[in-house]
Amino acid sequence: MLKPLLGALALTALFSGSTLAEPRQAAFFGIHFINTSMQNQSEEEAARLKAVEDRLVTALAESGQYSMIDISPVADDAAFYENLAFCNGCDTDLAKELGADVAITGEIQKTSNLILSMSLYIRDAETGALVAGGSADMRGNTDQSWFRTTDWLLRNRVLRQ
């Protein structure tokens with residue numbers, strides 16, 4: 001009785017695209033805003049950045065592929081670095097210290113109000129290897145363009161594994 005049930009579960013997982021694996025423990029260190037425009041970061045951009053981070057964390061957790069962990073034990077160490085996406089492996093070192101499987105970072109670069117880009121990086125905490133992520137350009141500095149870019153990266157680069 002048990003063997004047919006296990007076989008049916010395995011076939012269901014195979015054909016539904018799901019797995020019986022546990023979600024990866026993920027340490028999200030935020031998205032760094034790089035402003036190479038001649039303008040200061042606006043309050044709207046700061047609020048947009050926070051909203052994108054919240055949207056990203058929610059989507060990753062709801063996907064079942066990632067379980068977000070508290071990074072507060074290493075927050076002071078993380079704050080030392082200006083950009084955890086490019087700190088020569090400090091993101092994965094901090095994630096490993098927390099017991100996470102992956103470190104998640106990102107960047108939004110603003111060249112002007114018309115030209116922006118977003119990059120997301122998910123790195124293996126043990127090896128530092130990039131396991132998921134991607135980049136996309138945005139046209140326009142609006143909530144809609146930021147959210148569409150976030151959703152596109154999640155759908156086409158991060159959660160499609």
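**Reading the salt bridges**

Reply: Let us start with one pair of residues in this predicted model: Arg123 is buried, and Asp91 is buried as well.

Me: What do the side chains of Arg123 and Asp91 form where they meet?

Reply: In general, a salt bridge is counted when a side-chain nitrogen of Lys or Arg comes within 4 Å of a carboxyl oxygen of Asp or Glu. In this case the side chains of Arg123 and Asp91 form such a bridge, with 3.0 Å from N to O. Because Arg123 belongs to strand E4 (residues 115-124) and Asp91 to helix H4 (residues 90-98), the pair ties together parts that lie 32 residues apart in sequence.

Me: How many salt bridges does the rule give?

Reply: The count comes to five salt bridges, and one of them joins Asp143 to Arg48 at 2.7 Å, N to O. That pair links distant parts of the chain, with Asp143 in helix H5 (residues 143-158) and Arg48 in helix H2 (residues 43-62), 95 residues apart.

Me: Is Arg48 buried or exposed?

Reply: Arg48 has a relative accessibility of 9%, so it counts as buried, whereas Asp143, at 41%, counts as partly exposed.

Me: Where do Lys50 and Asp54 lie?

Reply: Both residues are in helix H2, four residues apart, which is about one turn of the helix. Lys50 and Asp54 form a salt bridge whose closest N and O atoms are 2.7 Å apart. Lys50 is partly exposed at 46% relative accessibility, and Asp54 is also partly exposed, with a relative accessible area of 36%.

Definitions and conventions
Residues are numbered from 1 along each chain as its sequence is written. This is a predicted model: local features need pLDDT of at least 70, side-chain atom pairs count only at pLDDT 80 or more; totals for chains, interfaces and linings use all residues. Side-chain values use heavy atoms; hydrogens and water are left out. Helices (H or I, at least four residues) and strands (E, at least two) are DSSP runs, numbered from the N terminus. Buried means under 20% relative accessible area, exposed over 50%, partly exposed in between (1.4 Å probe, protein chains only).
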